[in-house]
Amino acid sequence: MPSTVPNRNIRFDFQGRYGQAFMVAFIWPLLNLLTLLLLTPLVMKKTHEFIANGSRYGTTEFTLKADTGSYYRFFGKGLLIAIAFGVAASLAMRYVGFTVGSIIAAAGYLTLFGYFMAGISNLFLNAVHLDHHGFESRLQPLQMVWIYLSNSFFVVLTLGLFTPWAKVRMARYRASCTAMMVSGDLNHFVAAEQNRTSALGQELGDAFDVDFAAI
């Protein structure tokens with residue numbers, strides 16, 4: 001079992017560049033439109049890379065270890081689900097009835113909604129690494145849909161007063177389905193952060209007996 005030490009002075013940081021942000025926010029979406037959305041999986045991967053690779057825990061960088069093919073497979077599966085429900089709904093409306101077709105269409109929409117809400121988060125977090133450590137996300141589409149729909153119902157019912165509880169409820173579920181896969185010792189995060197602390201900060205801390213968080 002890896003040893004643990006207090007790490008309250010280690011902060012999360014983000015060091016993304018403006019040029020990278022411009023590419024993700026404007027250039028890649030524009031190219032996606034010009035290619036009739038065929039680059040959607042690639043644009044999603046570029047966005048995830050920008051977020052993950054620019055993030056830091058102390059002085060340690062997060063990295064996204066995912067291939068472009070996994071994003072295209074994910075979106076391809078979503079497209080097949082949409083086509084399947086679309087065909088089923090169309091046939092039902094034509095040969096059975098409008099009501100049955102509408103129910104199938106609504107079920108397809110909720111299925112796709114849950115698939116993308118849970119799947120994109122799982123795809124991202126399962127590919128993120130922090131040094132030698134990985135992460136695991138096990139969000140379930142049906143549970144995500146249920147939480148979202150019930151939260152929306154109570155937000156409308158309370159005229160928006162339920163919004164903070166809704167956000168906490170969703171965040172709590174996401175946290176319960178996310179785990180860090182520790183590989184080795186975690187002490188090196190603290191050591192790296194201590195090395196980052198300036199000598200002036202250490203002297204002031206000793207003089208006034210105050211803990212200065214490393215920045």
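Where is Arg-138 found? Arg-138 lies in the loop between strand 5 (133–137) and helix 5 (141–157), helices (H or I, at least four residues) and strands (E, at least two) being DSSP runs numbered from the N terminus. The structure is a predicted model, in which local features need pLDDT of at least 70 and side-chain atom pairs count only at pLDDT 80 or more, whereas totals for chains, interfaces and linings use all residues. Residues are numbered from 1 along each chain as its sequence is written, and side-chain values use heavy atoms, with hydrogens and water left out.

The secondary structure of the protein chain comprises eight helices and six strands. Read from the N terminus, the order of elements is β-α-α-β-β-α-α-β-β-α-α-β-α-α. Of the 215 residues in the chain, 30% are buried, where buried means under 20% relative accessible area, exposed means over 50%, and partly exposed covers values in between (1.4 Å probe, protein chains only). Among contacts (heavy atoms within 4.5 Å) with a separation of 6 or more, 67% are between residues 24 or more positions apart. The accessible surface of the protein chain is about 13,900 Å², and carbon and sulfur atoms account for 67% of this area. Accessible areas come from the Shrake-Rupley method with a 1.4 Å probe; for residues, only the protein chains shown count as cover.

A nonpolar core is defined as a set of buried Ala, Val, Leu, Ile, Met, Phe, Trp, Tyr and Cys residues joined through side-chain atoms within 4.5 Å. The largest such core has 17 residues, of which Tyr-57, Phe-62, Leu-64, Val-128 and Leu-130 touch the most other members. Two or more residues are given to this core by each of strand 3 (60–64), helix 3 (68–95), helix 4 (98–127) and strand 4 (128–130). A second, separate core has eight residues, including Met-117, Ala-118, Leu-139 and Ile-147. In soluble globular proteins, nonpolar side chains tend to be buried together.

In strand 3, Thr-60, Phe-62 and Leu-64 form the covered face, while Glu-61 and Thr-63 form the uncovered one.

Four salt bridges are found in the whole structure, each defined as a side-chain nitrogen of Lys or Arg within 4 Å of a carboxyl oxygen of Asp or Glu. Arg-56 stands opposite Glu-61 in strand 3, and the side chains of Arg-56 and Glu-61 meet in one of these salt bridges (3.7 Å, N to O). Arg-56 counts as buried because its relative accessibility is 10%, whereas Glu-61, at 44%, counts as partly exposed. A salt bridge also links the side chains of Asp-67 and Arg-73 (3.6 Å, N to O). Asp-67 is partly exposed at 41% relative accessible area, and Arg-73 is exposed at 56%.

Arg-138 forms a salt bridge with Glu-136, with the closest N and O atoms 3.2 Å apart. Glu-136 is partly exposed at 31% relative accessibility, and Arg-138 is partly exposed at 37%. Beyond its neighbours within four places in sequence, Arg-138 is in contact with Asn-122, Tyr-173, Ser-176, Cys-177 and Ala-179. Asn-122 and Arg-138 are 16 residues apart in sequence, with a C-alpha to C-alpha distance of 6.4 Å.

Pro-141 is placed in helix 5 and counts as partly exposed at 31% relative accessibility. When neighbours within four places in sequence are left aside, the contacts of Pro-141 are Gly-114, Tyr-115 and Ala-118.

A nonpolar surface patch of about 810 Å² is made by Leu-79, Leu-80, Ile-83, Val-87, Leu-91, Tyr-95, Val-96 and Val-100. Patches are made of residues with over 30% relative accessible area and no salt bridge, with like charges joined within 9 Å and nonpolar side chains (Val, Leu, Ile, Met, Phe, Trp, Tyr) within 5 Å. Helix 3 gives the most to the patch, with six residues. Leu-80 is located in helix 3 and counts as exposed at 58% relative accessibility.

Technical notes: Two strands pair if DSSP finds at least two bridges between them.
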